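Visitor: I am new to reading protein models. Could you walk me through this one?

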Amino acid sequence: MIFGNSHGGSLKMRLLIMIAIGAFSVIGYLMKYERNPVTGELQAVALDVGKEKAMGLEASGQMANEMGGALDPRADPDAARVMAMGRRLVAAGDASRSPYADNFNFYLLNDAKTVNAFALPGGQIFITRALYDQLENEAQLAGVLGHEIGHVIHRHSSERMAKGQLGQGLVGAVVAGSGDYSAGQVASMVNGMITLKYGRSDELQSDNWGLYNMIAAGFDPREMVNVMEVLKKAGGGGGRSQIFSSHPDPDARIVAIKEYVANQYPNGIPRQLTQGARLR
């Protein structure tokens, strides 16, 4: 009888701890909500703009070094073109009125094997030589860089960090409540699956931003379909690709891109939207 009461009290205590940790995690997450100054979205973010900028700048050198190093735009014409195109896109679209406008930097990485482009928080944007060399014209380059600008503007990294912190807190609550490490492993796995799904949603959102940015800079948004074909080929064995670890299937993205273009221009693409100059 004494043992039974002790066991019941222990269970009740674990449940109270679980509820407290879970509630604390949820309240902390809700307190992170703020209005995005560019998109108007109400979103939970882990970092303020200043910390996003600082984190991205601090990590940019290491990221570049891990992928062949950043090519010098003063010596490499392709790196100069990447930098110039990035600046053109920022100036043409809503990124110019964002709190990141003075912090965007665009790098061409000397990695000829890994097909990838990515953005760090605060405005540090990278494209590898392996991806750049498969692009045909300026419009396609604008689509890739515009997509990455979208990640920065939508604050996707900070959003995912906030959601990850919430997930970690809830996993801790499950472990504390159950006293079972295996249950914590299952909860952690589920949290990871949720985070991955959230990242895929980010990619589709950034595709739309990339298309908007292309149009604002004077480029034909249909060229983004050809970029998807490049990524599809890379994922099929044409090179090492890191795109598919988080991005939706290229065929699904192609459908979404065509729908976006059809909705924007039901009467056809205006003549002033061009492919731009060829890259080689």
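Here is a friendly chat that goes from the whole chain to its details.

Visitor: What should I know about the model before we start?
Guide: This is a predicted model, so local features need pLDDT of at least 70 and side-chain atom pairs count only at pLDDT 80 or more, while totals for chains, interfaces and linings use all residues. Residues are numbered from 1 along each chain as its sequence is written, and side-chain values use heavy atoms, leaving out hydrogens and water.

Visitor: How many helices and strands does the chain have?
Guide: Helices (H or I, at least four residues) and strands (E, at least two) are DSSP runs, numbered from the N terminus. Counted that way, the chain has nine helices and seven strands.

Visitor: What percentage of the chain's residues count as buried?
Guide: Buried means under 20% relative accessible area, exposed means over 50%, and partly exposed lies in between (1.4 Å probe, protein chains only). The chain has 280 residues, and the buried share of them is 44%.

Visitor: Which residues does L145 contact, leaving aside its neighbours within four places in sequence?
Guide: Contact means heavy atoms within 4.5 Å. With those neighbours left aside, the contacts of L145 are V82, M85, G86, L89, F106, I125 and I127.

Visitor: At what angle do the axes of helix 3 and helix 5 cross?
Guide: Axes are lines fitted to C-alpha atoms, for helices over the stretch in contact, and angles run from 0 to 180 degrees between N-to-C directions. Helix 3 brings R81, V82, M85, G86, L89 and V90 to the contact, and helix 5 brings E138, L141, A142, L145, G146 and I149. The two axes come within 10 Å, and their crossing angle is roughly 65 degrees.

Visitor: What is the strand order in the open sheet of three strands?
Guide: Two strands pair if DSSP finds at least two bridges between them. Strand 3 (105-109) and strand 5 (117-120) are the edge strands, each pairing on one side only. The pairing in this open sheet is mixed, and the order is 3-6-5.

Visitor: In which sense, parallel or antiparallel, do strand 5 and strand 6 run?
Guide: Strand 3 and strand 6 (residues 124-128) pair in the parallel sense over five bridges. Strand 5 and strand 6 form a hairpin with three residues between them, and G122 in the turn has a positive phi of about 90 degrees. Strand 5 is joined to strand 6 by four bridges, and the sense is antiparallel.

Visitor: Which residue in strand 6 is the bridge partner of A117?
Guide: Strand 6 is covered on both faces, with Q124, F126 and T128 buried on one side and I125 and I127 on the other. On strand 5, A117 and A119 are buried on one side and F118 and L120 on the other. Looking across from A117 to strand 6, its bridge partner is I127.

Visitor: Why does D78 count as buried?
Guide: D78 lies in helix 3. Apart from residues up to four places away in sequence, D78 touches L108, R129, Y132 and L279. D78 is buried because its relative accessible area is 18%.

Visitor: What distance separates the C-alpha atoms of D220 and E138?
Guide: D220 lies in the loop between helix 7 (181-216) and helix 8 (223-238), and it is buried, with a relative accessible area of 5%. Beyond its neighbours within four places in sequence, D220 is in contact with A139, M214, I269, L273 and T274. D220 and E138 are 82 residues apart along the chain, and their C-alpha atoms are separated by 9.8 Å.
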